[in-house]
Amino acid sequence: NSEISMPNPSSEDNFKGPIFIVGMPRSGTKLLRDLLNQHPSISIPKIESHIIPYFVRKYGDPCPFKDAADLHRFLDDFETTYFYSLLKGEGMKLDRKDMIRQVDPGSWSSIFQYLLRYFGPKGKDFDGIWGDKTPGYVNHIPLLKKLFPAGKIIHIIRDPRDYSLSVHKTWGKSLYRAAAKWKSTLDRVGRTTQEFAADYMEVFYESLLNDSKQMMLEICRFLGISFVPEMLELKASTEYYGDAKGSTTIVNANQKKYLEALSRGQVQRIEQITYPQLNRLNYPVEFAGGHKPMTGVENKVAQIRDAVNSSLFHMKEKGPVNGLIAFVKLHFQSSWR
């Protein structure tokens, strides 16, 4: 028998999306997306889009397009994105004629909704809840809410010590710049989500690992949908990197890795950088006695090293030419900007 949780009475029974899953990279956004996609009423693309702030910034808001010719020019541009290149690699191709028949060319929300529904795992004719999992949209929540007033934001947060360690292990990036970005991002989110409080939910990665059922029940209440047990299972591996790579189960032990992998000094420095948010979120502080941010020089040096290591990572993964192209496209189109 399926176990059912009643939706939150304040939620709309006919909520059809969007859901935006946001957060720092290496914080469990893929895991959460894939668990949500197990629900029969949810369809979120398996590839991060990055397209919403990029195109709004490029063409302006309100959307300037007026007719099919404008949409064709937009789609010429869309088909050069890293998002679409990855979709093509998965064998997916956009039906331009169908899109032009169905969207309002002067509406960003209509254009983005069509694209994200179209490339969702349940197909373009799916009529349930649609959404997007792009971590960097955590920096663009006001824009998302402007374009989609009914949209709901799920922000997944991971312990900054494990987050910084994972970023360092995966991409060779600076532990301390990762910590600084974690802290500054949470500062920004705190300032921009107050007016959207009813449509904004913070989910802790550790809670998702420790009590997956309770966490998914709470998310279902937030979305106004019924819980189904399939949301606790994965049909395929959700992770390509890190200690959870290849796993088709929720890896409960994928936390507190920093206790063994980092020195006391490294943990202390991360805690000093993130100290105010560690306290706000009730993460235990092991060694730091207060807040000590990175200096401007330290951050700039780390930024340059991070860019080099990131480009090397992509070149190693995809080859020198394709890797460099991927790095440039991601840097130029990235929602982290």
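Residues are numbered from 1 along each chain as its sequence is written. In this predicted model, local features need pLDDT of at least 70 and side-chain atom pairs count only at pLDDT 80 or more, while totals for chains, interfaces and linings use all residues; side-chain values use heavy atoms, with hydrogens and water left out.

**Whole chain.** Show everything as a cartoon. The chain has 15 helices and five strands (DSSP runs numbered from the N terminus: helices H or I of at least four residues, strands E of at least two). Of its 337 residues, 53% count as buried (under 20% relative accessible area, with exposed over 50% and partly exposed in between; 1.4 Å probe, protein chains only).

**The sheet.** Select the five strands. They form an open sheet in the order E2-E3-E1-E4-E5, with parallel pairing (two strands pair if DSSP finds at least two bridges between them). At the edges are E2 (42–43) and E5 (200–204), each pairing on one side only.

**Strand E1.** Go to residues 19–23, where five of five residues are buried. Ile-19, Ile-21 and Gly-23 point one way, and Phe-20 and Val-22 the other. Three bridges join E1 in parallel to E3 (residues 129–133), and five join E1 to E4 (residues 152–157), also in the parallel sense. Centre on Phe-20: its bridge partner in E3 is Asp-132, and in E4 it is Ile-153.

**On to E5.** From Ile-153, step across to Tyr-200, which stands opposite in E5. E4 and E5 pair in the parallel sense over five bridges.

**The cores.** Select Ile-52, Phe-78 and Ile-111, the residues with the most contacts inside the largest nonpolar core, which has 40 residues (a set of buried Ala, Val, Leu, Ile, Met, Phe, Trp, Tyr and Cys residues joined through side-chain atoms within 4.5 Å). Elements that each supply at least two residues of this core include E1, H2 (51–59) and H6 (108–118); the largest share, seven residues, comes from H6. Leaving aside neighbours within four places in sequence, Phe-78 is in contact with residues including Phe-55, Phe-83, Leu-94 and Leu-115. Finish at a second, separate core of 29 residues, among them Leu-35, Leu-36, Met-215 and Phe-222.

Conventions: Contact = heavy atoms within 4.5 Å.
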